[in-house]
Amino acid sequence: MAAWTWRFEKADGAEVQPAVAPEEFTTQGDAESWIGEHWRGLLDGGADQVRLFEDGTEIYGPMSLHADEQVDSES
């Protein structure tokens with residue numbers, strides 16, 4: 001069974017411990033749903049970006065946790 005994991009990083013790519021302990025994920029969708037629910041806590045805890053891995057192989061990243069870099073804000 002595949003194991004999906006997140007790597008939590010500062011903006012320079014240095015790994016940091018997450019402020020919110022991640023669960024073990026068996027699907028990519030579960031991992032992505034979790035990050036969608038916890039990104040603010042992770043950001044507040046010192047992580048700037050994340051990378052998603054499947055069984056140790058990087059699937060994508062880095063993905064910023066900063067909202068202003070993810071969506072256009074309406075003024």
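Counting aromatic pairs in this predicted model gives three, where rings of Phe, Tyr and Trp (its six-membered ring) pair if their centres lie within 6.5 Å. Trp6 and Tyr60 are edge-to-face (planes over 60 degrees apart; under 30 is stacked, and the rest are tilted), because their planes sit at 70°, with the ring centres 6.2 Å apart. This pair bridges distant parts of the chain: Trp6 belongs to strand E1 (residues 4-9) and Tyr60 to strand E3 (residues 57-64), 54 residues apart. Strands here are DSSP runs of at least two residues (E), helices are runs of at least four (H or I), and both are numbered from the N terminus.

How much of each ring's residue is left open? Trp6, at 9% relative accessibility, is buried, while Tyr60 is partly exposed at 26%. The cut-offs are simple: buried is under 20% relative accessible area, exposed is over 50%, and partly exposed lies in between (1.4 Å probe, protein chains only).

Next come Phe8 and Trp34, an edge-to-face pair with 6.3 Å from centre to centre and 70° between the planes. Here too, distant parts of the chain are linked, with Phe8 in strand E1 and Trp34 in helix H1 (residues 28-44), 26 residues apart. Phe8 is buried at 4% relative accessible area, and Trp34 is buried at 4% as well. Along with Phe25, Phe8 and Trp34 make up one aromatic cluster.

A word on the numbers: residues are counted from 1 along each chain as its sequence is written, and side-chain values use heavy atoms, leaving out hydrogens and water. Since the model is predicted, local features need pLDDT of at least 70 and side-chain atom pairs count only at pLDDT 80 or more, whereas totals for chains, interfaces and linings use all residues.
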